[in-house]
Amino acid sequence: MTTSDGFISIRHVNKFFGSFQAIEDVSMNIGQGEFFSLLGASGCGKTTLLRMLAGFESTSSGEIYIDGQPTSDVPPHHRPVNMVFQSYAIFPHLNVRDNIAYGLRKQKLPKAKRDEMVEEMLELIKLPGYGQRKATELSGGQRQRIALARALILRPKVLLLDEPLGALDKQLREQMQLELRALQRQVGITFVFVTHDQEEALTLSDRIAVMSGGKVLQVDTPAGLYETPKTREVASFIGNMNFFQGTVRRNGAAMGAVETEGLGHIPVPLDQLTKPDGAPVQVALRPEKFELSPTRPEGALHAVEGRLSNAAYLGERSHYYVSIAGKDQPIAVSTQNLGRMTGAPDISGDAPMWLSWAPEAIVILDADETG
Amino acid sequence: MSDQGTYIKRPNRPLQIYAMVFLFVLYLPILFIPMFSFNDSIYVRFPLQGFTFQWYGELWNRQPVWNALWNSVKVGAVVAVISTILGVVAARAITRYRMPGKSALVTFIMMPLVIPGIIFGVALLVLMSRMGVPLSLYTVTLGHLIVCLPFAVATLLPRFEGFDPSMEEASADLGENGWWTFWRVTFPMVMPGVVASLLLTFTISFDEFIMAFFLTGTDPTLPMYIWGQLRFPQEFPSVLALSSLILFVSFILVFVAQWIGRLGLDKDT
Ligand SMILES: Nc1ncnc2c1ncn2[C@@H]1O[C@H](COP(=O)(O)OP(=O)(O)O)[C@@H](O)[C@H]1O
Ligand SMILES: [Mg+2]
């Protein structure tokens, strides 16, 4: 076990509930001080993985190392990790101070010292003077902060958070996202954060593991996931994506090239092109990577003419659907409304539109087996 | 219009009348007992003769009553503590662990509620005499445990069922082992149920007659003492006075138990 394997190292972990496999051969490393998110739809196994880190579920096979130590024989109350539960699990029979100080019993601190630590925590979570409040008198956002303080006061090596913002309304959630990120930077503790909200994961995380059906599809930075998704599933889970069928046709140029459905023979970045000539691939382009113009843009390396089939004005941006020859589905295009707009553009005349894009924006994925 | 409440909660006149009649018929015979206990006559018949505390006064000075009372309190206290402890263990096991045949187990625990006491009484009596165990307050206690355990479990189960399991996990997560978690989280949270169970089982044991009838040795419990006094007509008013006191105390205890048992349950989400 060397440090380069990561502060938390998950190795070939499987988890069965009876005959149902909730986690399938998950391996990944999480670095010290990282804000790491597990992102995936409900039921994909995020909570199960988190509970295995906390020690509430055993692994069926594989091993989890925390700070270099294997954990399978370590019960939850001896692990150097703490958890913020989805329900917060604030003890209803204790006041705020006793909730926060709950884990300090074993340290046998003098009362003054303990109260001082609790006050410090209340400062940190911006609830000073709340020590005597009853747990039952708190709002959702306050309970969430108390749950954080109760875990952080023990200075854990890792903090686990299971959809901690899920129960809050939108405005409070956005505020708490910022605070959570700031707090994590301040305390420097490794956070493993579970969410099903892609925007939340992109906003908060240093790195994200995208999960589906008990498997980890890709682990990457937010920008990495968005700009260079490795599979169609990841590409369509995070943001929107246009997919085109294509065939690799290099022609000796500095860039690779792909014969693409509807777009013709287009240049693509070399680093994206690992397949041999003739191999089927998928070409993926995000809606906002396209530029729209009523005439053929001058100087564009490549442009395609299509017809506007639908448009929607969304305030900050507009969404367009452009049909092109040789492709059944219209292409989704999203543009920022920089100048003053007067509603959605007129599409009644079946207006011709030119699409152009930068070749570097293209992502090449393996061909879709399912068709 | 709008303050009529929901469809279900709307006041229902016929149902209210039914409830009144039901309660009246149920409690009318019982009301005669305190009424005649204050009657200045040794005969239980109308018209009432006048108001007196004489029968209560007589009770006060009677040593056997105090002995029987003390026996009942001892048995009741022991039964309450043991059946509540067993009830806590059972309710915890039933709600915490996934196990096959769970509902069958619950049915078995609740069974004594519907098995006639006389059958249990006779069965235990036979068992005791076979094993050569002399009848005493201990055998009465054993009989009462069987009667009280279902009530303890029934009182405690809702408490444990309404208990978010992540509370105990949070305690473990914050570094406490099973023992400390129980005393710092589980027990305080089910405390109202425990108190309710103690009060209820004490009352049931205190009032119980059939088991005591089969299993009492030479030391009578209070109901057994009353039974013994029924042979003497001149003692009847004192018996009524004693019964009134038992009724009163039982009513208070059960009422308090119900009230405590529900503390916090309604508010919780
Ligand atoms: N204790 C359990 N017993 C059986 N199945 C479980 C258990 N816990 C979770 N599962 C199943 O495992 C899958 C993943 O659950 P979970 O990790 O809670 O998903 P997520 O948190 O991503 O929504 C779900 O299909 C769920 O039904
Ligand atoms: Mg979950």
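Helices (H or I, at least four residues) and strands (E, at least two) are DSSP runs, numbered from the N terminus. This is a predicted model, in which local features need pLDDT of at least 70, side-chain atom pairs count only at pLDDT 80 or more, and totals for chains, interfaces and linings use all residues. Residues are numbered from 1 along each chain as its sequence is written, and chains are lettered from A and ligands numbered from 1 in the order in which they are written.

**View 1. The shell of residues around ligand 1.** Residues from chains A and B surround ligand 1, so the site is shared between chains (a residue is near if one of its heavy atoms lies within 4 Å). Among the residues around the ligand are A:Phe17, A:Thr48 and B:Arg98. The largest share of this shell, three residues, comes from α1(A).

**View 2. Backbone contacts of ligand 1 with A:Gly43, A:Cys44 and A:Lys46.** An oxygen atom of ligand 1 is 2.6 Å from a polar backbone atom of A:Gly43, while backbone N or O atoms lie 3.2 Å from a ligand oxygen in A:Cys44 and 2.9 Å from one in A:Lys46. Taken alone, ligand 1 exposes 560 Å², of which the protein buries 65% (Shrake-Rupley method, 1.4 Å probe).

**View 3. Helices α3 and α6 of chain B.** The axes of α3 (residues 63-96) and α6 (residues 137-161), lines fitted to C-alpha atoms over the stretch in contact with angles from 0 to 180 degrees between N-to-C directions, come within 6 Å and cross at roughly 40°.

Conventions. Side-chain values use heavy atoms; hydrogens and water are left out. A polar contact is a pair of N or O atoms within 3.5 Å; within protein, one must be able to donate a hydrogen and the other to accept it, and residues adjacent in sequence count only if both atoms are side-chain atoms.
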